[in-house]
Amino acid sequence: MEAEIDRTTKQEPKMHSKIKETSGTSGKKTNKTKTKPLYFWNSFDVNKWLKKYGGKYFELYGDLLLSQEITGRTLIRMNDIKLERLGITSADHRREIIQHILRLRLKHEAIDLKNLEQKGTGFELRLPNTNRLQPPKVDMPK
């Protein structure tokens, strides 16, 4: 995980970890950064998200989520019952946290959909080249 720190303003690391990609056909490396997919978030990434978007809930439940090692995969599967079992007893708090989780899930699913449209899934059915399978046509004399 690579955190970026703005040294001029001395701010905390940005919420999302960045994944660097290199590409280029001419041998040149160009760096593109992508946000870390939600499914790969660890408990620290979840805590950063809660701190940024959860407001008062970070102070109330940040340590709880860390101690339970709630990852991105776990977070997006949370519902009211699971939050209550986790120790969040206030129904209003659970409802608001669920709303934040649903927004996060929607945002990341939209990103996933956009990526699929751009690249495809990688599981496309590739039909064999039919020209190779058919015997060459031979002109028959009449």
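The model is a predicted one, with local features needing pLDDT of at least 70, side-chain atom pairs counting only at pLDDT 80 or more, and totals for chains, interfaces and linings using all residues. Residues are numbered from 1 along each chain as its sequence is written, and side-chain values use heavy atoms, leaving out hydrogens and water.

The structure holds one cavity of 30 Å³ or more; a cavity here is a set of points on a 1 Å grid over the protein atoms alone where a 1.4 Å probe fits but cannot get out, and lining residues have an atom within 4 Å of a point. The largest cavity takes up about 60 Å³, as the space filled by probe spheres set on the points, which are joined across faces, edges and corners. Its lining includes Leu 50, Tyr 57, Met 78 and Ile 101. Two or more lining residues come from each of helix 2 (56–67) and helix 5 (91–119), and helix 2 gives the most, with three. Helices are DSSP runs of H or I, at least four residues, numbered from the N terminus.

Just after helix 1, Gly 55 has a positive phi of about 55°.

Note on methods:
On a 1 Å grid over the protein atoms alone, a cavity is a set of points where a 1.4 Å probe fits but cannot get out, and a pocket is an open set with protein on both sides within 12 Å along at least five of seven lines; lining residues have an atom within 4 Å of a point.
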